[in-house]
Amino acid sequence: MTNPADFTLDPAIAARLKRNSAGLVPAIVQAHGTGEVLMMAWMDDHALAHTLATRQGTYYSRSRGEYWIKGLTSGNTQEVTGVRLDCDGDTLLVTVKQVGGACHTGDRTCFDDDELL
């Protein structure tokens with residue numbers, strides 16, 4: 001397995017990103033074809049570069065302080081079909097073909113519970 005930290009983001013893409021103080025950008029992950037929102041995660045330049053190069057959903061865990069490739073340990077993989085940057089450059093939209101649950105709980109989406117309205 002390659003280390004996401006070994007990947008470098010294209011400078012033209014990097015110049016468009018507006019990162020938070022920790023160098024991260026939120027990534028909204030949607031199901032390819034249906035638009036169902038599956039999860040939200042964080043990416044830095046290396047995670048985004050790894051995702052673009054390998055088409056595997058790759059994120060940065062703030063709580064663990066490390067990269068994770070979705071499904072590497074759980075088998076619930078993401079084949080990335082598209083990545084878009086919003087108009088402000090501060091949020092990514094990642095479309096994926098999800099195999100298994102997207103949520104760390106095993107649910108299809110992280111937004112299954114706790115409907116507020």
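**Group meeting: core, pocket and annotated sites**

Let's start with Cys 103, which sits in the segment after β6.

Some ground rules. This is a predicted model, where local features need pLDDT of at least 70 and side-chain atom pairs count only at pLDDT 80 or more, while totals for chains, interfaces and linings use all residues. Residues are numbered from 1 along each chain as its sequence is written, and side-chain values use heavy atoms, with hydrogens and water left out.

Back to Cys 103. Buried or exposed? Cys 103 is buried, at a relative accessible area of 8%. The cut-offs: buried is under 20% relative accessible area, exposed is over 50%, and partly exposed is in between, with a 1.4 Å probe and protein chains only. Not counting residues up to four places away in sequence, Cys 103 touches Lys 70, Arg 108, Thr 109 and Cys 110. Contact means heavy atoms within 4.5 Å.

Now the record. UniProt, in an unreviewed entry, lists Cys 87, Cys 103 and Cys 110 under "binding site". These three are spread over 24 residues of sequence, and in space by up to 27.0 Å between C-alpha atoms. Which of the set line the largest pocket? Cys 103 and Cys 110 do. UniProt positions are in the numbering used here, feature names are shortened, and annotations may be inferred rather than shown by experiment.

Cys 87 lies in the loop between β5 (78–85) and β6. Cys 87 counts as exposed, at 78% relative accessibility.

Next, the aspartates. The unreviewed UniProt entry also gives Asp 86, Asp 88 and Asp 90 as "binding site". Asp 86 is in the loop between β5 and β6, and is partly exposed at 26% relative accessible area. Asp 90 is in the loop between β5 and β6 too. Asp 90 counts as partly exposed, at 31%. Beyond four places in sequence, Asp 90 touches Lys 18, Val 25, Pro 26 and Leu 85.

On to the pocket. A pocket is an open set of points on a 1 Å grid over the protein atoms alone, where a 1.4 Å probe fits, with protein on both sides within 12 Å along at least five of seven lines; lining residues have an atom within 4 Å of a point.

The lining has 27 residues, and Met 39, Ser 61, Arg 64, Trp 68 and His 104 lie nearest the centre. Which strand gives the largest share? That is β2, with four residues.

Last, the core. The largest nonpolar core has 21 residues, and Met 39, Met 43, Tyr 59, Leu 92 and Val 94 touch the most other members. β1 (25–31), β2 (37–43), α2 (45–54) and β6 (92–98) each supply at least two residues of this core. By core I mean buried Ala, Val, Leu, Ile, Met, Phe, Trp, Tyr and Cys residues joined through side-chain atoms within 4.5 Å.
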